[in-house]
Amino acid sequence: MEYIGATGIPVTFDNVPIFDDIDFHFILSFAIDADPSANPQNGKFSPYWEPSLTPESVAAIKAQHPNVKALASLSGWSLDNIVLRWRNPPDPNLWISNAFSTLQDLVNKYHLDGIDVDYENFPRHGSNFAFCIGELITLLKNQSVISVATIAPYYSTVLPYLELFHGYGKVIDFVNYQFYTDKVTTPEAYLKRFEIRAKEFGSAKLLPSYEVNGRGIQGDAFFEALSLLDENGFDVNGVMIFSADASLSNDFLFETKSQQFLLNSTPS
C-alpha cells in the first residue's frame, strides 16, 4: 500500500519500483468532500491529489503492471492547512447518495479499483461516521463500482474506526493503521503496539506501516520489527508506506526493501 500525491511534489507512478509478484496498491491522496476553501460539500467528493497523477497515467501503470490497483483515499488531515473534520450529515442517506455518485464518477474517470477511508478528526460526542461509511462501502461493492476498501485509523481515531470495522468488517479488506503516529522507535515496542491493534482489528487484515522521513520507527529498525512480527506468529500480509512523495528523496529504498521482505517471507 503506497500513498501518493498528498504533498504537492510532482511524483509519478513511473518513479516507483513495482515488483511483478506482489499486489501493489497505489492510494491517491486525497479525494475530499469539500470545495477548494475546505467548505463541506455533503458527500460530494473531488480529487485534490497531485495533478501529475492523471487518469491516463493510472491507466498506463495498470496496463504496464497488471498487479497494480489504484484507490482514492477519502479526506486526509487537511486541505491547504485547513483541518478537515467528519461532520455528521443531518440526512445520512443524502450524504451516502452524493458520495456514491461522485465516487463512481471518480472511479470511472481515474480507472480506480477502490477507496481508502482516512477521516482523522471527529465530533466529541458521537457520530454517524460508521453508518455512513459502512453503507457507502457496501453500496459501492454491491454495485461493483469498487473491489477494494481499506481504512486508515490512528491512535486517536481508533474508536470510530472500530465501530465501523465491527459493523462492516466483511466489506473492509485491509486496515492501514498508522503505527508511526504511536511514535514507537524500537522493534520490540512496535511488536507490542501491533499486538494491541491486532486484538482490536484482528491480525488478518492489519498491515504494519512506515512513514518515510517521518515519525515513529525509522530505517532498518522497521524491517527488524517486521521480522519480529513474523517470529511471534503474525503473518505479515503487506506493508503500508506513507509516502511515495517523500520516497523520491531516497530512490524508494523502503518500497524496494518492503517488497523484498514480503516476497521472501511468503510461504512456499
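In the predicted model, Arg215 is partly exposed, with a relative accessible area of 37%. Its side chain meets that of Glu211 in a salt bridge, with an N to O distance of 2.9 Å. Glu211, at 10% relative accessibility, counts as buried, because the cut-off for a buried residue is under 20%.

The count of salt bridges comes to 6. Another of them joins Asp220 and Lys257, at 2.8 Å from N to O. This pair links distant parts of the chain, as Asp220 belongs to helix H6 (residues 220-231) and Lys257 to helix H8 (residues 253-265), 37 residues apart. Asp220 is partly exposed at 48% relative accessibility, and Lys257 is partly exposed at 27%.

A salt bridge is also formed by Arg197 and Glu200, whose closest N and O atoms are 2.9 Å apart. Both residues lie in helix H5 (residues 187-201); they are 3 residues apart and therefore separated by about one helical turn. Arg197 is buried, with 7% relative accessibility, whereas Glu200 is partly exposed at 24%.

Helix H2 (residues 92-110) and helix H3 (residues 129-142) have axes that come within 10 Å and cross at roughly 40°. The two helices are therefore oblique to each other, and the crossing is right-handed. Residues of H2 in this contact include Trp95, Ile96, Phe100 and Leu103, while those of H3 include Phe131, Ile133, Leu136 and Leu140. By class, the contact has 12 nonpolar, 1 polar and 1 charged residues.

Asn98 also lies in H2 and counts as buried, at 12% relative accessibility. Beyond its neighbours within four places in sequence, Asn98 is in contact with Asn42, Gly43 and Lys44.

Note on methods:
Residues are numbered from 1 along each chain as its sequence is written. This is a predicted model: local features need pLDDT of at least 70, side-chain atom pairs count only at pLDDT 80 or more; totals for chains, interfaces and linings use all residues. Side-chain values use heavy atoms; hydrogens and water are left out. Axes are lines fitted to C-alpha atoms, for helices over the stretch in contact, and angles run from 0 to 180 degrees between N-to-C directions. Helices (H or I, at least four residues) and strands (E, at least two) are DSSP runs, numbered from the N terminus. Angles under 35 degrees count as roughly parallel, over 145 as roughly antiparallel, 65 to 115 as roughly perpendicular and the rest as oblique. A crossing is left-handed if the near helix is turned anticlockwise from the far one by less than a right angle, and right-handed if clockwise. Contact means heavy atoms within 4.5 Å. Ala, Val, Leu, Ile, Met, Phe, Trp, Tyr, Cys and Pro count as nonpolar, Asp, Glu, Lys and Arg as charged, and the others, Gly among them, as polar. Buried means under 20% relative accessible area, exposed over 50%, partly exposed in between (1.4 Å probe, protein chains only). A salt bridge is a side-chain nitrogen of Lys or Arg within 4 Å of a carboxyl oxygen of Asp or Glu.
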